[in-house]
Amino acid sequence: MSKFWSPFVKDLVPYVPGEQPKLAKLVKLNTNENPYGPSPKALEAMRAELNDNLRLYPDPNSDLLKQAVAEYYGVQGNQVFLGNGSDEVLAHIFHGLFQHDAPLLFPDISYSFYPVYCGLYGIPYEAVALDEQFQIRVEDYQRANAGIIFPNPNAPTGCLLALDAIEQLLKASPDSVVVVDEAYIDFGGQTAISLVDRYPNLLVTQTLSKSRSLAGLRVGLAVGHPDLIEALERIKNSFNSYPLDRMAIVGAAAAFQDKAYFDETCRKVIDSREQLVAELTARGFEVLPSAANFIFARHPEQDAAGLAARLREQGVIVRHFKQERIAQFLRITIGTPEQNQALLDALN
Ligand SMILES: Cc1ncc(COP(=O)(O)O)c(C=O)c1O
């Protein structure tokens, strides 16, 4: 702290991202990155873009990418918003679409950036308890609110909420914006984008950081009614006109166009997940049902923090959260078969 800080900065409680270790040898299963590289076509597109045009600003509207996303999901370009990672998209949503006259509702066990954005933008919130099985109970959200947001599948649990339950939520809160954060949807869920034409209060966010292996490029998106998108464009154009650089626009567009590579790598991650769940269950772990590229597991006889520390000593890093209800769980990203085996060897 310093005397130069404003009271506003003093009171902020920033998000703490998972560790990005400098040691290359570690088996890194702590931040839900994809173990496979990006589409070779995306890499090729970015290499071709590395030229003198970098002296020029990129297209502020990223039309090439907007079009690729719109075509992929069968929506219009004015239903798509793009940002520097879905974290930035989420920040603009909190800033521009959530009200301040009632609490924003999200699950008590959920993406830990949500309360941080509430602090940044002065939004009151209420964390709604998941049930005993760590599932979202939609009835609990049927009350006055400033908006509703939840990841689907949820993070860090990996549990999926069915589309008909999401529809029930949308119908019960027609006057507030409902955001479905689909960072992990491609690993086993059905996207709610199919509902956006019927529900003008629905906004779906996605990222290229997970299923499209581009966490290092920082590209995220939202799909919804053009009126919601316009609010986000207003915020974006009052903050940073060029959130996506030239590499990001062409690389992300090529990644969306390479469906064969996307399908193949998602399938590999899903198959590895099922194998890892079986192996961990055989070792006495309780594993929550996961539709994501990570699993959430606890062992009845092993303290989770201690286990994480001992795994780290053996070169395997996983994520442990100190939060009360989940302090005995570990969140483990699905790696390659070799990385998953390294985890199992370390556990053995
Ligand atoms: C639920 C959820 N939403 C959003 C994000 C942000 O992803 P990014 O900013 O890389 O697009 C993450 C990242 O881990 C996440 O877990």
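## A first look at this predicted model

Arginine 212 is buried, with a relative accessible area of 5%; buried here means under 20% relative accessible area, exposed means over 50%, and partly exposed covers what lies in between (1.4 Å probe, protein chains only). This is a predicted model, in which local features need pLDDT of at least 70, side-chain atom pairs count only at pLDDT 80 or more, and totals for chains, interfaces and linings use all residues. Residues are numbered from 1 along each chain as its sequence is written, and side-chain values use heavy atoms, with hydrogens and water left out.

**The chain as a whole**

- The protein chain has 11 helices and 12 strands; helices (H or I, at least four residues) and strands (E, at least two) are DSSP runs, numbered from the N terminus.
- Its radius of gyration is 20 Å, close to the 20 Å that the globule rule gives for 348 residues, so the protein chain is as compact as a globular protein of that length. The radius is taken over C-alpha atoms, and the rule is 2.2 Å times the number of residues to the power 0.38.
- Along the principal axes, the C-alpha atoms fill a box of roughly 55 × 50 × 50 Å.
- Of the 348 residues in the protein chain, 53% are buried.
- Among contacts between residues at least 6 apart in sequence, 72% join residues at least 24 apart; a contact means heavy atoms within 4.5 Å.

**Around arginine 212**

- You will find arginine 212 in the loop between strand 7 and strand 8.
- Its charged end sits over the ring of phenylalanine 256, 3.9 Å from the ring centre. A charge sits over a ring if NZ of Lys or CZ of Arg is within 6 Å of the ring centre and within 35 degrees of the ring normal.
- Arginine 212 also lies over the face of phenylalanine 262, at 4.0 Å from the ring centre.
- Leaving aside neighbours within four places in sequence, the contacts of arginine 212 include Pro38, Tyr72 and Asp186.

- Strand 2 (residues 80-83) pairs with strand 8 in the antiparallel sense over four bridges; two strands pair if DSSP finds at least two bridges between them. Here glycine 83 has glycine 220 as its bridge partner in strand 8.
- Strand 7 (residues 202-207) runs antiparallel to strand 8, and five bridges join them. Glutamine 206 stands opposite leucine 221 in strand 8.

- Helix 3 (residues 63-73) has buried residues Leu65, Lys66, Ala68, Val69, Ala70 and Tyr73. These pack against strand 2, strand 7, strand 8, helix 7 (226-236) and helix 8 (246-257).
- Glycine 74 follows helix 3 and has a positive phi, near 65 degrees.
- Leucine 97 belongs to helix 4 (residues 85-97) and is buried, with a relative accessible area of 9%.
- Not counting residues up to four places away in sequence, leucine 97 touches several residues, among them His92, Ala146 and Leu203.

**Aromatic rings**

- The structure holds 18 aromatic pairs. Rings of Phe, Tyr and Trp (its six-membered ring) pair if their centres lie within 6.5 Å; planes under 30 degrees apart count as stacked, over 60 as edge-to-face and the rest as tilted.
- The rings of tyrosine 15 and tyrosine 111 have centres 5.7 Å apart and planes at 65 degrees, so they form an edge-to-face pair.
- This pair links distant parts of the chain, as tyrosine 15 and tyrosine 111 are 96 residues apart.
- Ring pairs also link a cluster that includes Tyr15, Phe94, Phe106, Tyr111 and Tyr125.

**Backbone details to look for**

- Most residues other than glycine have a negative phi, and most peptide bonds are trans.
- The peptide bond from asparagine 152 to proline 153 is cis, with omega near -5 degrees. Another cis bond joins alanine 155 and proline 156, with omega about 10 degrees.
- Proline 153 is in the loop between strand 5 (148-151) and helix 6 (163-172), and proline 156 is in the loop between strand 5 and helix 6.
- Asparagine 32 has a positive phi, near 55 degrees, and is buried at a relative accessible area of 0%.
- Phenylalanine 134 has a positive phi of about 65 degrees although it is not a glycine, and counts as buried at 6% relative accessibility.
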